[in-house]
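Good morning, everyone. Please bring up the model on your screens, and we will walk through a few contacts.

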Amino acid sequence: MADLIPEGPQSEPYRTFARVQSLEAHADDAAAAAVARAYLDRIGPSHPAWDTARALFGEVMVQALIMGTVPLADNLAAAEEALRKPGDAYLHPSGATIRFESEDDEPLLMVLHGNAAKAVRAAKRLVDIEKRSSRAGHADALCTFALCVCAVGDIGAAREALVAAEGVLPGRPRIAATRARVESSPAATMHLEDR
């Protein structure tokens, strides 16, 4: 898809976003994050696509972190910074800059911060929103929900969410990668040992 978009400075953001989303859909999270990071490094903050590219990088980096395809060191801070919006900070009367948490819209970032119960609620809202959007978005939201409920130890609910995702968009690589991550989780391993 990206290769069908004509080359040029005006179309480069679309080509890059298509490549990142394709890599992400194929569950190649480390590569998606690398392409998004390289694009950010090329364009700089004055570029009109900066905010969108920054958010995309943050989202794919969080996905890569939760899937274990990139190390936490430095990457978590980079993802958090990328996901901060201009309104995420304000100047306190004392002169200090107060930053809001960047995790509030990102269920998987909540999991990385140890707020799994909050992540489950946010992921459930995301599933409801994406259900009215695209099939790919709905299936991916179900994968996110599966990872969040897995983080609270509910392997049954994680497996059900993945079955539902497969029903929405059969054969999507993201679903298979999420299933592998859930089944290799400590909660799933302990669940098998209990049988």
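First, the ground rules. This is a predicted model, where local features need pLDDT of at least 70, side-chain atom pairs count only at pLDDT 80 or more, and totals for chains, interfaces and linings use all residues. Residues are numbered from 1 along each chain as its sequence is written, and side-chain values use heavy atoms, with hydrogens and water left out.

Start with the rings. The structure holds one aromatic pair. Rings of Phe, Tyr and Trp (its six-membered ring) pair if their centres lie within 6.5 Å; planes under 30 degrees apart are stacked, over 60 edge-to-face, and the rest tilted. Here the partners are F17 and Y39, with centres 6.1 Å apart and planes at 85 degrees, so the pair is edge-to-face.

Where do F17 and Y39 lie? F17 is in helix 1 (residues 12-25) and Y39 is in helix 2 (residues 29-43), so the pair ties together parts that are 22 residues apart in sequence. Helices here are DSSP runs (H or I, at least four residues), numbered from the N terminus.

Buried or exposed? F17 is buried, at 16% relative accessible area. Y39 is buried too, at 1%. Buried means under 20% relative accessible area, exposed over 50%, and partly exposed in between (1.4 Å probe, protein chains only).

Now the two helices themselves. Helix 1 and helix 2 pack at about 160 degrees, with axes 7 Å apart. Axes are lines fitted to C-alpha atoms over the stretch in contact, and angles run from 0 to 180 degrees between N-to-C directions. Helix 1 and helix 2 are therefore roughly antiparallel. That label takes angles over 145 degrees; under 35 is roughly parallel, 65 to 115 roughly perpendicular, and the rest oblique.

On to the second packing. The axes of helix 7 (residues 135-151) and helix 8 (residues 155-168) come within 8 Å and cross at roughly 170 degrees. Helix 7 and helix 8 are therefore roughly antiparallel as well. Residues that meet include C143 and A146 in helix 7, and L162 in helix 8. Contact means heavy atoms within 4.5 Å.

Last stop: T178. It sits in helix 9 (residues 173-183). T178 is buried, at 0% relative accessibility. Which residues does T178 touch? Leaving out residues up to four places away in sequence, T178 touches M67, C143, A146, L147 and L162.
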